[in-house]
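Visitor: I have a model open and would like to go through it with you. Could we begin as soon as it is on the screen?

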Amino acid sequence: YPSSVLLLSACQDDYKDTLDRYDKIYDRINIALGFCGVILVPTLTSFDYRLISHLIDTRSFILFLLSSVSIISVITALIQLLRLMKTMTLRVFDSTIIRNKAIYCHPEEESALFLIYAYTNATVELEKRISEKQKKYDSVIWKLIASLLAYAAFILLQKGL
């Protein structure tokens, strides 16, 4: 079996990689937020409120429905993205335990095992948060796709294609 000292560096690397993945979710959320803003402007400006009075006409009803679906989808996605930006309290690796003199009173193997345990717990916690945020982010992306498709159909129908 490899020594715990050897495994410690692998646990540190795993923790750093997991932390990087967590941070990258926020980068993707920021990109999606910008994209929402880009989508929201044309969908709101193309919404024709006069269509409401002509809902008896099938074409007007379909245009109204497509435009409404697009706007509702992008606004819902925007709200979800803003909620995703809210940071959660995370249980991360507490680096102050390394500076604790009591850890140096134990044999190197025991100290390494203690640190492996700390890194592993922090990594598991981060993995849970990443999974939760990724699922919510994926849901937002599907809403944005629905919004784009509804808006594209609206434009095509409105232009008579």
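Visitor: Which residues of helix 2 are buried?
Guide: The buried residues of helix 2 are Ser60, Leu63, Leu66, Ser67, Ser68, Ser70, Ile71, Ser73, Val74, Ala77, Leu81 and Leu84. Buried means under 20% relative accessible area, exposed over 50%, and partly exposed in between, with a 1.4 Å probe and protein chains only. Please note that this is a predicted model, in which local features need pLDDT of at least 70, side-chain atom pairs count only at pLDDT 80 or more, and totals for chains, interfaces and linings use all residues. Residues are numbered from 1 along each chain as its sequence is written, and side-chain values use heavy atoms, with hydrogens and water left out.

Visitor: What covers those buried residues of helix 2?
Guide: The cover includes helix 1 and helix 3. Helices here are DSSP runs (H or I, at least four residues), as are strands (E, at least two), numbered from the N terminus.

Visitor: How many helices and strands does the chain have?
Guide: The protein chain has three helices and zero strands. Read from the N terminus, the order of elements is α-α-α.

Visitor: Back to helix 2. What is its span?
Guide: Helix 2 covers residues 58-85, which is 28 residues, and reaches 40 Å from its first C-alpha to its last, close to the expected 40 Å at 1.5 Å a residue. The expected span is 1.5 Å times one less than the number of residues.

Visitor: And helix 3, how far does that reach?
Guide: Helix 3 has 52 residues and reaches 74 Å between its first and last C-alpha, close to the 76 Å expected at 1.5 Å a residue. Just after helix 3, glycine 160 takes a positive phi of about 85°.

Visitor: Let us turn to packing. At what angle do helix 1 and helix 2 pack?
Guide: The angle is about 150°, and the axes of helix 1 and helix 2 are 9 Å apart. Axes are lines fitted to C-alpha atoms, for helices over the stretch in contact, and angles run from 0 to 180 degrees between N-to-C directions. Helix 1 and helix 2 are therefore roughly antiparallel to each other. The cut-offs are under 35 degrees for roughly parallel, over 145 for roughly antiparallel, 65 to 115 for roughly perpendicular, and oblique for the rest.

Visitor: Which residues meet there?
Guide: From helix 1, the residues are Tyr26, Ile29, Asn30, Ala32, Leu33, Cys36, Ile39, Leu40, Thr43 and Leu44; they meet Ser67, Ser70, Ile71, Val74, Ile75, Ala77, Leu78, Leu81, Leu82, Leu84 and Met85 of helix 2. Contact means heavy atoms within 4.5 Å. By class, this contact of helix 1 with helix 2 has 17 nonpolar, four polar and no charged residues. Ala, Val, Leu, Ile, Met, Phe, Trp, Tyr, Cys and Pro count as nonpolar, Asp, Glu, Lys and Arg as charged, and the others, Gly among them, as polar.

Visitor: How do helix 2 and helix 3 pack, then?
Guide: Helix 2 and helix 3 pack at about 155°, with their axes 8 Å apart. That makes helix 2 roughly antiparallel to helix 3. Their contact has 17 nonpolar, eight polar and four charged residues.

Visitor: Now some single residues. Is serine 70 buried or exposed?
Guide: Serine 70 is in helix 2, and it is buried, with a relative accessible area of 0%. Not counting residues up to four places away in sequence, serine 70 touches Thr43, Ser147, Ala150 and Tyr151.

Visitor: What about alanine 150, where is that?
Guide: Alanine 150 lies in helix 3 and counts as buried, at 7% relative accessibility. Leaving aside neighbours within four places in sequence, alanine 150 is in contact with Leu66, Val69 and Ser70. Alanine 150 and threonine 43 are 107 residues apart in sequence and 9.8 Å apart in space, C-alpha to C-alpha.

Visitor: And isoleucine 62, buried or partly exposed?
Guide: Isoleucine 62 is placed in helix 2 and counts as partly exposed, at 36% relative accessibility.
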